[in-house]
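Q: I am new to this structure and would like to learn how its features are read, one at a time. Could we go through them together, with the general idea set before each case?

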Amino acid sequence: MVTEKNRQDNDNVQRMPAEEMYQREIDALIASEKDPVPSGWRMSPRSVLTYITGGRAGGIEITPKYIGNRRLVEIAIATLVTDRALLLIGEPGTAKSWLSEHLTAAINGDSTKVVQGTAGTTEEHIRYSWNYAMLIAQGPSDEALIKSPVYRAMETGSIARIEEISRCASEVSDALISILSEKRISVPELAYELPAKKGFSIIATANTRDKGVNEMSAALKRRFNIVVLPTPSDLTSEMEIVKTRVDQMAANLELNARLPEADVVEKVCTIFRELRSGMTLDGKQKLKPASGVLSTAEAISLLAGSMALAGSFGNGTITDYDLAAALQGAIVKDEDKDSMVFKEYLENIMKKRGSQWLGLYKECKELNK
């Protein structure tokens, strides 16, 4: 139940979990549920699909959270109905974490059981650890046990999320293999074994650019059903994703600016797609690609940053001056290489695209001297 205090607290939070941000939509889907609901789930797989891809429920408009291949979302949801874990793989910015969060929000109403994979992630982050002051004072006990997000998910029959699993060390992978195979966590210090309740699963994400950081073993991969999330297939699709997410971000941020016009979104997505692929959209001219990924997620952040510039120092409308500053920071990651790449793009491509691009060309050239 959302109280007035909760509402006031949420007003001071930079970013709420998906289940709180979209609580009205989730409640509408649950209230209008007509299909069988799996054990541990709050709604049926069909309703989860509606929540992710958009639709209507009980007169409430359900906004799309993921704009892309609907069949891939169906496969991801169907995987979580079985006893297999789900691994979402893709380039940076393909909405792996976003989809993972929203799947758990819809299924369990709790997307916060998260392990962030890093070089410093240990087996304890996957299984459990101890409050060492209590452990020394009174020995092993339930009170001294610190449960990991995976432990809590097994205990409650819900889903845990593991971000950037390929960044984890081999001992973390070994711990996961055991958990995904046996569906149990052994606590020998307490002579206890925790069996996973129905509904337990894991959603992991992996970045294809991080291949080789810590290669996942074949044994671990076999415990997952793998879904590869592609980059947007065309300019129109990418523009739709960017516009939708910028609208959602702007609703939660005090940017004091108007949403970007369609031509602004088109320019950003065009530049990103061309410098990402090393080819103009019409396929007629090869380009030197930028060193960075220039993902859809970065395009979203770039436009939010442009809105912040326009709202804080301009008249509230994104200008070429605002856009050029944001583009410079997004594209020129490696000063030596990317500066030259962007200069060539400005002179060989942008300058020749006519009057609609001339203002942006001049502002970018001024910054990229």
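Q: Which residues does Lys65 touch, not counting residues up to four places away in sequence?

A: A word of care before we start: this is a predicted model. Leaving out the residues up to four places away in sequence, Lys65 touches Tyr22, Glu25, Tyr51, Ile52, Trp98 and His102. The residue itself belongs to the loop between β2 (60-62) and α5 (70-81), and a polar atom of the Lys65 side chain lies 2.5 Å from the backbone oxygen of Thr63.

Q: Does Lys65 count as buried or exposed?

A: The idea is to look at the relative accessible area, and a residue is called buried when that value is under 20%. Lys65 counts as buried because its relative accessibility is 5%.

Q: Where does Arg273 lie, and which side chain is joined to that of Arg273 by a polar contact?

A: Arg273 is found in helix α13, which covers residues 262-277, and its side chain is joined to the side chain of Glu238 by a polar contact of 2.7 Å. With a relative accessibility of 13%, Arg273 counts as buried.

Q: How many residues apart in sequence are Thr118 and Ile165, and how far apart are they in space?

A: Distance along the chain and distance in space have to be read separately. Thr118 and Ile165 are 47 residues apart in sequence, while their C-alpha atoms are 7.9 Å apart in space. Thr118 sits in the loop between β4 (114-116) and α7 (123-126), where its side chain reaches the backbone nitrogen of Gly120 at 3.0 Å. If its neighbours within four places in sequence are set aside, Thr118 is in contact with Arg167 and Cys168. As for accessibility, Thr118 is partly exposed, because its relative accessible area is 34%.

Q: How many disulfides are there?

A: The test is whether two cysteine sulfur atoms lie within 2.5 Å of each other, and by this rule the count is zero. Cys269, for one, is in no disulfide, since the nearest cysteine sulfur, which belongs to Cys364, is 15 Å away. Cys269 counts as buried at 0% relative accessibility, and Cys168, one of the contacts of Thr118, counts as buried at 2%.

Q: How much space lies in the largest pocket, and how much in the largest cavity?

A: Rolling a probe the size of a water molecule over the atoms shows where empty space is left. The largest pocket holds about 690 Å³ of space. Its lining is made up of 34 residues, of which Gly93, Thr94, Ala95, Lys96 and Trp98 are the closest to its centre. Two or more lining residues are given by each of α6 (96-108), β10 (201-207), α12 (235-252) and α14 (296-313), and α12 has the largest share, with seven residues.

The search of the whole structure finds one cavity of 30 Å³ or more, and about 50 Å³ of space lies in the largest cavity. The residues that line the largest cavity include Glu91, Pro92, Arg276, Val293 and Ser295, and the lining as a whole divides into three nonpolar, five polar and two charged residues. Gly93 and Thr94 are also among the residues lining this cavity.

Notes:
Residues numbered from 1 in each chain as written. Predicted model: local features only at pLDDT ≥ 70, side-chain atom pairs only at ≥ 80, totals over all residues. Heavy atoms only, no water. Helix = DSSP H or I, 4+ residues; strand = E, 2+ residues; numbered from the N terminus. Buried < 20%, exposed > 50% of the residue type's maximum accessible area, 1.4 Å probe, protein only. Contact = heavy atoms within 4.5 Å. Polar contact = N/O pair within 3.5 Å; in protein donor to acceptor, adjacent residues only side chain to side chain. 1 Å grid on protein atoms, 1.4 Å probe; cavity = no way out; pocket = protein on both sides within 12 Å on 5 of 7 lines; lining within 4 Å. Points joined across faces, edges and corners; volume = space filled by probe spheres on them. Nonpolar A, V, L, I, M, F, W, Y, C, P; charged D, E, K, R; others polar.
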